[in-house]
Every structure is written in C-alpha cells, then in structure tokens.
Amino acid sequence: MGSKILQRSISLLSQHNTLLKTALTNRCQWKPISTSAINQLFHEKSRKGDFDQRTADKVPKKTHILNGLRELKNEIKMWQEEMKDHLKMDPVLIYRPGEVDVAFRFNNNDALDKWVVSTDSDHNQGFSTAALEKSPAGYGLFHGNVRSEVPKDGRVKRAGYCNMKSMRSRKSFKREVALNWTPYNTLVLKVRGDGRNYLINIHTEGYFDVLWHDIYHYVLYTRGGPHWQTTRIPFSKFFLSSKGRIQDKQYPIALDKVTSLSFSVGAKGDSDGPFSLEIDYVGLEFDPNHVEEFAYEMYRMPKYLVAT
C-alpha cells in the first residue's frame, strides 16, 4: 500500500516538473506585442455607427509613427499657448451692453480654412455647387449655385442645398471642446447678402448618438444691394430640430455646449440660381433689455406622442 502511494506521488511530481518547464520555456520565447482591445485605452467615437473606415484602412506602423511625430510638434505649440493663456488669467467680469465680442472673423485665408463647405452634389444627391472664398473687399464670400434638380436614380426625392460649417474647436492633443456662450444672449452678424433667406444653425452635439443631430435654427433675412447690414438675433428665438425635423418638445439652447455654427441655403420654392453671402464677422453681445428666456412653448406631452 505504501509503495503505491509513493509511486503515485513521484508520478504527480514528474508531471508538475514537466508543466513547469513548459511554462518557463514559453515565457522566455519572443511573442508579438498584444493588439487586443485592452491596449486601446483612448476611445474615439465613430460618427457613423459601429463601422469606422479608419479601422478598415491598413496603414503601416511606420507611417503612423511619422505622422504622429509631425503632429506632436504642432500639438506642443498649441499646448504652450494654452499654458500662457492659463497663467495670464484675465477673465471678463463685466459684459457691457452694446459691446460685441467677435467669435468668427472672415478677413484672412486662415480664418476661412476653419470652415467646411458642403453641398448635395458632394453626396451624389444633387447638382448644387458652393465655395467660401475671399471677396474683392477682403471678407468671406459664401457663394455658388443652388439647384433643385434631382438625379435620375430613383432614390433621391429632393435636392438643392449648400452649407458652410465651422470646424469644431479643440485644445491640444486632439481634445474636443465646446464653445461657452453663456454670458451672452444675442447673436450679432455683419453681412452683405443678395436678398435671399439663409438659415443660421447652432450645433449642440451631445456625447450620445441620439444628441449628435441637435441643431437650433433661425432665419437670416438679407436685404440685397451694396450696403452692409448688422443683424441681432436673440438666442431665445432659435428653435430646436433633430435630423431635419422640428421637435415638438422645445428647449432653450445650452449655450455652454455649442460645438459649431453653420449657414445654409436651399432651393425650396423655385429659388434655384446663384447666391452670394458676404460676411464680415459673427459676434456675441449681452443685451440687458432682452429678458425673454425662450420664445416657444415648453409643455409636457404623453409618452410616445412627441416627435423625437
């Protein structure tokens, strides 16, 4: 009996030594760097759902490293400017009535490069064209030709729009930030139009995908002719829409979560043809005489009866 127990113990001990040698051998062997998701700690949300074209494109690691080094130099410069502004610490404590703080200027090419122009023809959904260029007077000129003609593909039903949108503000190292317009209650624009009506869009994209398309709109009426016009629009007049649909449930703008500003023109109502909108600046103003919080009804509706 004792000999059988001894033999079994020796057998188990030899098996243990074999497993230990195998583990040590595998540990000493070279293994490739892990590419599991646990190493991807910096999440970049995709704007098109689960599929992201960036992950589909196979870019060599050497190219990634070279591109990263080029970007690093610019990001460090941006970070230095942020630190200088932080150390100065010169906040505006009093917003004087009638004083306009300029948010966007259009007086040089660098300022125009911060805007993106898009049309229905970019997506093969129409034939409109548009561009944002410097005018002969030295200001930003949003011009083109808007057409309501529909491609004969049996898929597109309506066409005819042009849009210019500001790029989202960010800090160094690709950190996206929102614009804080909380101290102001009025949007001020100095423009010279062609008599058309343009749509002003204030984007307040949230973190979750259901909030990505939250946009506040108001109409910009232009006079046409050679003279400039200064338009003041209270933020309380802007109304909420999502995915092109005006929402039944209306809310005031969250002015601390503004992500971008855009201008749109459409060909609705037999308004095909050329358009031209010259912009000097877009500014912000605090008007103490304007006390309206929101111009539209805010009411509660039963669930599942309100458009979302």
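Trainee: Okay, accessible areas here come from the Shrake-Rupley method with a 1.4 Å probe. So what does the accessible surface of the chain come to?
Mentor: About 22,000 Å², and carbon and sulfur atoms hold 55% of that. Keep in mind that this is a predicted model.

Trainee: And how much of the chain is buried?
Mentor: Of the 308 residues, 31% are buried.

Trainee: How many helices and strands does the chain have?
Mentor: There are 4 helices and 15 strands. Among contacts with a separation of 6 or more, 74% are between residues 24 or more positions apart.

Trainee: Switching to charges. How many salt bridges are there?
Mentor: The count comes to 15. One of them pairs R170 with E75, at 3.2 Å from N to O. R170 sits in strand β6 and E75 in helix α3, so this pair ties together parts that are 95 residues apart in sequence.

Trainee: Is E75 buried or exposed?
Mentor: E75 is buried, because its relative accessible area is 4%, under the 20% cut-off. R170 is partly exposed at 34%.

Trainee: Which other residue forms a salt bridge with E75?
Mentor: K174 does, with the closest N and O atoms 3.7 Å apart. K174 is in the loop between β6 and β7, 99 residues from E75. At 48% relative accessibility, K174 is partly exposed.

Trainee: What about K190, which residue is its salt-bridge partner?
Mentor: That's D280, again with 3.7 Å between the closest N and O atoms. K190 is in strand β8 and D280 in strand β15, 90 residues apart. D280 is buried at 8%. Going back to E75, salt bridges with shared partners join E71, E75, R170 and K174 into one network.

Trainee: Where do positive charges gather on the surface?
Mentor: K157, R158, R245 and K268 form a patch of positive charge there. R245 lies in strand β13 and is exposed, with a relative accessible area of 60%.

Trainee: New topic: where does G193 lie?
Mentor: G193 is in the loop between β8 and β9. Its relative accessibility is 10%, so G193 counts as buried.

Trainee: Which residues does G193 touch?
Mentor: Leaving out residues up to four places away in sequence, G193 touches T222, G224, G225, S276 and L277. G225 is 32 residues from G193 in sequence, with 7.3 Å between their C-alpha atoms.

Trainee: Last one: is T259 buried or exposed?
Mentor: Buried, at 2% relative accessibility. T259 is in the loop between β13 and β14. Beyond its neighbours within four places, T259 contacts R168, S169, H203, T204 and E205.

Terms used: Residues are numbered from 1 along each chain as its sequence is written. This is a predicted model: local features need pLDDT of at least 70, side-chain atom pairs count only at pLDDT 80 or more; totals for chains, interfaces and linings use all residues. Side-chain values use heavy atoms; hydrogens and water are left out. Helices (H or I, at least four residues) and strands (E, at least two) are DSSP runs, numbered from the N terminus. Buried means under 20% relative accessible area, exposed over 50%, partly exposed in between (1.4 Å probe, protein chains only). Contact means heavy atoms within 4.5 Å. Patches are made of residues with over 30% relative accessible area and no salt bridge: like charges are joined within 9 Å, nonpolar side chains (Val, Leu, Ile, Met, Phe, Trp, Tyr) within 5 Å. A salt bridge is a side-chain nitrogen of Lys or Arg within 4 Å of a carboxyl oxygen of Asp or Glu. Lys and Arg count as positive and Asp and Glu as negative; His and the chain ends are not counted. The place of a charge is taken as NZ of Lys, CZ of Arg, CG of Asp or CD of Glu.
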